[in-house]
Amino acid sequence: MMILTFLRDNARWVAGGFLLTFFSSFGQTYFISLSAGEIRSEYGLSHGEFGTLYMLATLASAATLPQVGKIVDRISVASTVLLAAPVLAIACILMAWSRSLALLVLSVYLLRLFGQGMFSHIAMTAMGRWFAAQRGRAISLTAIGVNFGEAIFPISFVTVTALVGWRGSWLVAAAVLILVALPAIYNLLKLERTPQSVAKKSGAAAVRDWTRAEVIRDPLFWAALSGVMAPAVIGTTVFFHQVYLSELRGWPPSVFAASFAIMSSMTIIFALISGQLVDRFSAIRMLPVFLVPLSLSCFVLASTDAPWGAYVFMALMGVSYGFSSTLFGALWPEVYGARHLGSIRSLIVAFMVFGTAIGPGVTGVLIDLGVSYPAQIAAMGVYCVLISTVLIQVSRKALARRQAYPV
């Protein structure tokens, strides 16, 4: 009932944030990869060449995002959407019309920067700034837009491609952005929300507004970031090499394919659960525990040849994914305030994109060097255990700092 009451009172803002993360799908790896076969064929690229091109374009978008992302602190959220949505549509058009590698790289760069990067960044920054006592609920409901996109867009894209070809499908995506996404999101978010209360249940004092320069010099920031990034980096790395792992285990391709539905379901469920927990206890207090399921998932996947290992891995991964999607939006305003949140979050998202670009490459190099892939997955689990102990200290020190230096 509480969540229904919250939705009734805040439907326009939550819906706007949800649509931003939903339509960020056009710049997500899973959506772009739907055209990977046709791209490689038409441009004469090998798997490795397209992977390298994609990685370089993604890294370039990560390097650009900290500067572009600051705009959310300078103009309204709705105005930012008016700028970002047309550029994302142009990127889709470039993908459809491109006949040269230069335009292909530019298209991928813009898709990653304004799709995965800016659309998600705008949504989370808005929810973090506009909500205080109910920030966890707002962010969890916004974050699951990505999961709904994963459920809807792949089959939609395949269906449209069968009718108009893969290039035509990208033109349809551009039209959807301009004719559907842009007007809907703008009208939902053009009225700014003012937080109506402050979080009191956690007993934390108010926090001052840090600048990005101050945040970069704060050791707690880097320690927290090393934990919050882990689910996305580990998940992307494992998914990228899922075919190789299936071959090692002797699993048919259907094993991993079926397990994605389990992960998506668990992610949505635990995103909503974590939203309630963050509002009750605070994101800072949740930091030390959210990586425990991820560590267990890695140990299971590394140690069993049975197909059920993939399902258990995905289920536990979904638990940590759900928690991290909420923490990724709620933690930073709790620790560093909301005034410079756009600038701070753009840096964080850039590191996240950088990590998800580098992780699969490093793992691939280690595989080529003969390093056991299951052993690498086990090492990821050990990392989660070790960084969880670090996050215990981060949580304690962050809470103590808020009590010692209230506004």
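This is a predicted model: local features need pLDDT of at least 70, side-chain atom pairs count only at pLDDT 80 or more; totals for chains, interfaces and linings use all residues.
Which residues of α7 are buried?

**Figure 1. Helix α7, residues 135–143, is a mostly covered helix.** Here is the reply to the opening question: R135, G136, R137, A138, I139, S140, L141, T142 and A143 are the buried residues of α7. That is 9 of the 9 residues in this helix.

**Figure 2. Helices α4 and α6 pack with their axes 8 Å apart.** The angle between α4 and α6 is about 50°, which makes the pair oblique. As you follow the two helices, note that α4 passes α6 in a right-handed crossing. On the α4 side, the contact is built from L53, Y54, A57, T58, A60, S61, T64, L65 and V68. Facing them from α6 are L101, L104, V105, V108, Y109, R112, L113, F114, G117 and M118. Sorted by class, the residues of this contact come to 14 nonpolar, 4 polar and 1 charged.

**Figure 3. Helices α4 and α17 run roughly antiparallel to each other.** Their axes come within 8 Å and cross at roughly 165°. Because angles over 145 degrees count as roughly antiparallel, α4 and α17 fall into that group. The crossing of α4 past α17 is left-handed. From α4, the residues that make the contact are M55, T58, L59, S61, A62, L65 and P66. Their partners in α17 are S346, L347, V349, A350, V353, F354, A357 and I358. This contact of α4 with α17 has 12 nonpolar and 3 polar residues, with no charged ones.

**Figure 4. Helix α6 (residues 101–130) meets helix α17 (residues 341–368).** The two axes come within 10 Å and cross at roughly 140°, so α6 is oblique to α17. In this view, look for the right-handed crossing in which α6 passes α17. The α6 residues taking part are Q116, G117, S120, H121, M124, T125, G128 and R129. They meet L341, G342, R345, S346, V349 and V353 of α17. In the contact of α6 with α17, 4 residues are nonpolar, 8 are polar and 2 are charged.

**Figure 5. G69 sits in the loop between α4 (47–68) and α5 (77–97).** Is this glycine buried or exposed? With a relative accessible area of 0%, G69 is buried. Setting aside neighbours within four places in sequence, G69 is in contact with M118, H121, G342 and S346. A pairing to trace here is G69 with I122: they are 53 residues apart in sequence, yet their C-alpha atoms are 8.1 Å apart in space.

**Figure 6. S346 is a buried residue of helix α17.** Its relative accessible area is 0%. Which residues does S346 touch, not counting those up to four places away in sequence? The list is L65, P66, G69, K70, H121 and R212. S346 also belongs to the contact of α4 with α17, and it is listed in the meeting of α6 with α17.

**Figure 7. T80 is found in helix α5.** A relative accessible area of 2% makes T80 buried. Beyond its neighbours within four places in sequence, T80 is in contact with I71, V72, I75, M118 and I122.

**Figure 8. S282 lies in the loop between α13 (253–281) and α14 (283–286).** The backbone is what to look at here. Most residues other than glycine have a negative phi. The phi of S282, however, is near 95°, a positive value. At 4% relative accessibility, S282 counts as buried.

**Figure 9. A close-up of cysteines, in a model whose disulfide count comes to 0.** C92 is buried, with a relative accessible area of 0%. C298 is in no disulfide. Where is the nearest cysteine sulfur to that of C298? The sulfur belongs to C384 and is 5.2 Å away, while a disulfide needs a pair of cysteine sulfur atoms within 2.5 Å. C298 is buried too, with a relative accessible area of 0%.

Methods:
Residues are numbered from 1 along each chain as its sequence is written. Side-chain values use heavy atoms; hydrogens and water are left out. Axes are lines fitted to C-alpha atoms, for helices over the stretch in contact, and angles run from 0 to 180 degrees between N-to-C directions. Helices (H or I, at least four residues) and strands (E, at least two) are DSSP runs, numbered from the N terminus. Angles under 35 degrees count as roughly parallel, over 145 as roughly antiparallel, 65 to 115 as roughly perpendicular and the rest as oblique. A crossing is left-handed if the near helix is turned anticlockwise from the far one by less than a right angle, and right-handed if clockwise. Contact means heavy atoms within 4.5 Å. Ala, Val, Leu, Ile, Met, Phe, Trp, Tyr, Cys and Pro count as nonpolar, Asp, Glu, Lys and Arg as charged, and the others, Gly among them, as polar. Buried means under 20% relative accessible area, exposed over 50%, partly exposed in between (1.4 Å probe, protein chains only).
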